[in-house]
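Here's a quick tour of how two parts of one chain sit against each other. Have a look at the model first, then read on.

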2 protein chains.
Amino acid sequence: MTFEATCTAPVNIAVVKYWGKRDTSLILPTNSSLSVTLSQDQLHSKTTIRASADFVSDRLWLNGIEESITSNKRLVACLRETRALRTKIEAEDASAPKLAHLNIHICSENNFPTAAGLASSASGYACLVYTLSKLFQLPLDASDLSIVARQGSGSACRSLFGGFVAWEMGERADGADSKAVQIAPETHWPDLQALICVVSDEKKGTSSTEGMQLTVKTSPLLQERIKNVVPQRMDEMIAAIKDKDFPKFAELTMRDSNQFHAVCLDTYPPIFYMNDISRAIIRIITEYNRDGIKAAYTYDAGPNAVIYAPAANMAEIYSLLSHYFPGAAFDDSLGLLNNAAAPTTLPTNFDQRVSPVFPQGSVKQILHTKADDGPRVLAADQGLLNAEGLPKRLA
Amino acid sequence: MTFEATCTAPVNIAVVKYWGKRDTSLILPTNSSLSVTLSQDQLHSKTTIRASADFVSDRLWLNGIEESITSNKRLVACLRETRALRTKIEAEDASAPKLAHLNIHICSENNFPTAAGLASSASGYACLVYTLSKLFQLPLDASDLSIVARQGSGSACRSLFGGFVAWEMGERADGADSKAVQIAPETHWPDLQALICVVSDEKKGTSSTEGMQLTVKTSPLLQERIKNVVPQRMDEMIAAIKDKDFPKFAELTMRDSNQFHAVCLDTYPPIFYMNDISRAIIRIITEYNRDGIKAAYTYDAGPNAVIYAPAANMAEIYSLLSHYFPGAAFDDSLGLLNNAAAPTTLPTNFDQRVSPVFPQGSVKQILHTKADDGPRVLAADQGLLNAEGLPKRLA
């Protein structure tokens, strides 16, 4: 008996940031957060899970390398929760195939290099839990699944939906109300696009898991953010999205990115994720917005910038970035340059002195993408495992 | 009739930072602050002021270049206040020479380049007001004078004292209780020394006058700092200084520097003063402190680091900095290298990977100094004006 499912799940980039846990084992956050789900056409995790009576143990391959399952408490939690739900189904319905007791092989890949510094744990755990739910045919909606995925990686819960997604922090000690909800689907605001700028960095930053708990422990300013800033900002952000009010959305996004990095800096010892290139991009976007907001930057726990903007501004923004950061590879999956050649001159009245021109390769890659849908189920022939249940591709 | 005074005044570097005014014309701060006065043997402003019936107008030369007095509201306020006090003396004492109505020539120089990014307005205004008080023989103590100097440049009030100096924010609307007081004289803790690292920077930062008011206007986190963080931190810092408790002094200093830059980053648009070199110095000092605090970094509104440490650690710290920042010029006025050659190896157990080695000249200069005394009166032959009342040296 063999059962198998293969799915992909998207990356999400928060516009109200998650930083701090009130419960580190259940992964319950100190504040709500909100993100935009980016298109799987550019970036995704892909996972095949097969359950078979032939398998002698649970096994896992990540990007072609076998990893231990038992030593990964978070992964174990996701497997335990979904198997328990499958066991219940099988107990209640005698006709349901008996899968819960079978060993599984999990094979997962990202279609972007981990080295790019793009959050892979969010798409990875969302894909794991979504694929498990398909394998086990769990009668759960995306919010229910988000509660499971959250225990793998907090921000993974938001990758269970497309479009604009809030992670409601919840109040309960067991985390049953700490879940993702969709604020608006990807079809609500098709004009909103994103440029991801992969920034070269000398220094590997602090892991977000360690970093956020050091902030909780040592930053006096974090409490103010949690108690007084984020609750109001969440309301304003949801309203801005519903109204498709880009200037408001952009201001809130930039302020929240700034504040996230501010509480990192207020941590002791301080945590830095942005470098001089990241800051130059902020200065360039700030100058670009001088006479009215046309773009928003945001930075996660690394130096890479994500720039949100209406589609009409994208060629101009790409041109600006190309001026200051020559030599960046451009991933044009949306056909930006084919449809409208990027201008070669800077925008009128743009004060060029806002930044020096950086050496070739300071920004390694620029990737054009957009808000898009949630996890997808793929056809059986798209699976990552071969007939023996081993990865078709090894690292 | 000619009257003249020549004085020098020191630079001070805050360990609890001033950032934000509640009254921009009287220069009343949103929080109290505390600084260490650094030795005039290395860094000072020097000012000669002459009053003469021969002068047809008030004139001012700064670093050899004539500047307008009337267009400088802050300078006008300092002159008006001190002349009013002199007028009162002359009215009450018929034997007092009549100076208040005479025109004056002011000649002021810094012995360090403005381009070095070291706060020159603090020493400059402290020196101006101190020299005026000597010229006019005002019966004011240093705290009284600090109220006048504060109206020239906020942090100038702290340069009226040597040693460890608090600027009490005060409560009154007229600023009469917003003044500097000495927490401890320079003789209290002679073991405390400082290294100033002059960092090369591509980009001129936001002026502190503009920057701090943008923070007051836009940073939600600043209010928390003002209301809840600084009052307690001031008490703890004063206790640490009185106890000569270096680890406590150092932790508070680093935390407050971090928080100042955090509220700059929480400003909209964000303000950056530290660059990748500044942050590398933080990482190096953090690693150096891993098994116990041996040094403290602090950064003002620019990328330069000031490192406070006990005298015994200075050679080791200099050696560390020289490793990561080759080619920095070293100003050894205190005889650090003569008295104890800096070690050429890194400290035991120091994790070198904390930072890359930077290119030659990334840190331009390292200057060794210490806590020292307040403004000094110089002999008449040290004056900066010639017989005609013009600068002996022009730019």
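Chain A splits into domain 1 (2-185 + 378-382) and domain 2 (192-370), with bounds from an automatic or database domain assignment. This is a predicted model, where local features need pLDDT of at least 70, side-chain atom pairs count only at pLDDT 80 or more, and totals for chains, interfaces and linings use all residues. Residues are numbered from 1 along each chain as its sequence is written, chains are lettered from A and ligands numbered from 1 in the order in which they are written, and side-chain values use heavy atoms, leaving out hydrogens and water.

| Item, domain 1 to domain 2 of chain A | Value |
|---|---|
| Separation of centres, over C-alpha atoms | 27 Å |
| Area buried between them | about 2900 Å² |
| Salt bridges | 1 salt bridge |
| Polar contacts (both at pLDDT 80 or more) | 10 residue pairs |

Buried area is the accessible area (1.4 Å probe) that two parts lose on being put together, summed over both. Carbon and sulfur atoms give 71% of the area buried between the two domains. On the domain 1 side, Lys17(A), Trp19(A) and Gln42(A) supply 30% of what that domain buries against domain 2, more than any other three residues.

As for contacts (heavy atoms within 4.5 Å), 29 residues of domain 1 meet 43 residues of domain 2.

Lys17(A) also pairs up with Asp300(A) in a salt bridge, at 2.5 Å from N to O; the cut-off is a side-chain nitrogen of Lys or Arg within 4 Å of a carboxyl oxygen of Asp or Glu. A polar contact is a pair of N or O atoms within 3.5 Å; within protein, one must be able to donate a hydrogen and the other to accept it, and residues adjacent in sequence count only if both atoms are side-chain atoms.
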